[in-house]
Amino acid sequence: MVIDYQGHLLAGVDEVGRGPLVGAVVAAAVILDPLRPIAGLTDSKKLAPQRRVELDAEIRDKALAFAVAEASHAEVDALNIYHATHLAMRRAIDALTLQPEYLLVDGNRLPGHPLPGQAVVKGDARHPAIAAASILAKVARDAQMVALDGLYPEYGFSRHKGYATPEHLAALERLGPLPEHRRSFAPIKGQLELL
């Protein structure tokens, strides 16, 4: 992978939570320290949950800067998931305590931030800074789903993390949508039309 930037103030940016039916879309931005490498960084989906938590702690300890931000379920509904994802990414970039000079963003589009950068398809498996961002975002969003599970245990959020699994869809049919559900997503929209 060729990167049009040679310095060390490069921020990897990724998001988690585009597909779920509930909750925020969460993004992270990470500027890794070249003098403190972290072994084992890869796409967060390829890591066991406990390993993600361990790497999350190591990233927070060793990175030059990191930030986690989100766009709420209401913003997802108001803007659509594509624009909400980019909003969360811009918020994470802007929350960094160190200004990056260049962005490497997972996906095929930049999020509309004024900083220069490039989009990298499957970037979370191809560059450590994007992988680090994917891990922070995944751990943060999973924690939100565990917290939501504590409020509404009958929906099973700690197991399916808000995705449209048979268990989640059955709970929706049985119990109806919660305030945290994304009203613009088809299964929720369908449920609301039945009410």
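Me: Which exposed residues does helix 6 carry on the face turned away from its buried side?
Reply: This is a predicted model, in which local features need pLDDT of at least 70, side-chain atom pairs count only at pLDDT 80 or more, and totals for chains, interfaces and linings use all residues. Residues are numbered from 1 along each chain as its sequence is written, and side-chain values use heavy atoms, without hydrogens and water. Helices (H or I, at least four residues) and strands (E, at least two) are DSSP runs, numbered from the N terminus; buried means under 20% relative accessible area, exposed over 50%, partly exposed in between (1.4 Å probe, protein chains only). On the face of helix 6 away from its buried side, the exposed residues are Pro-166, Glu-173 and Arg-174.

Me: Which residues of helix 6 are buried, and within what arc do they fall?
Reply: Helix 6 spans residues 166–175, and its buried residues are His-168, Ala-171 and Leu-172. Seen down the helix axis, they line one face of helix 6, because they fall within an arc (directions from the helix axis to the C-beta atoms) of 100°.

Me: Which residue follows helix 6?
Reply: Its phi is positive, near 85°. The residue is Gly-176.

Me: Which strands stand at the edges of the sheet?
Reply: The open sheet has 5 strands in the order 3-2-1-4-5, with mixed pairing (at least two DSSP bridges between two strands). Each edge strand has a single partner strand, so one side of each lacks a neighbour in the sheet. They are strand 3 (65–71) and strand 5 (117–120).

Me: Which residue of strand 2 stands opposite Val-13?
Reply: Strand 1 (residues 10–16) and strand 2 (residues 25–31) are antiparallel, paired over 6 bridges. Opposite Val-13 stands Ala-29.
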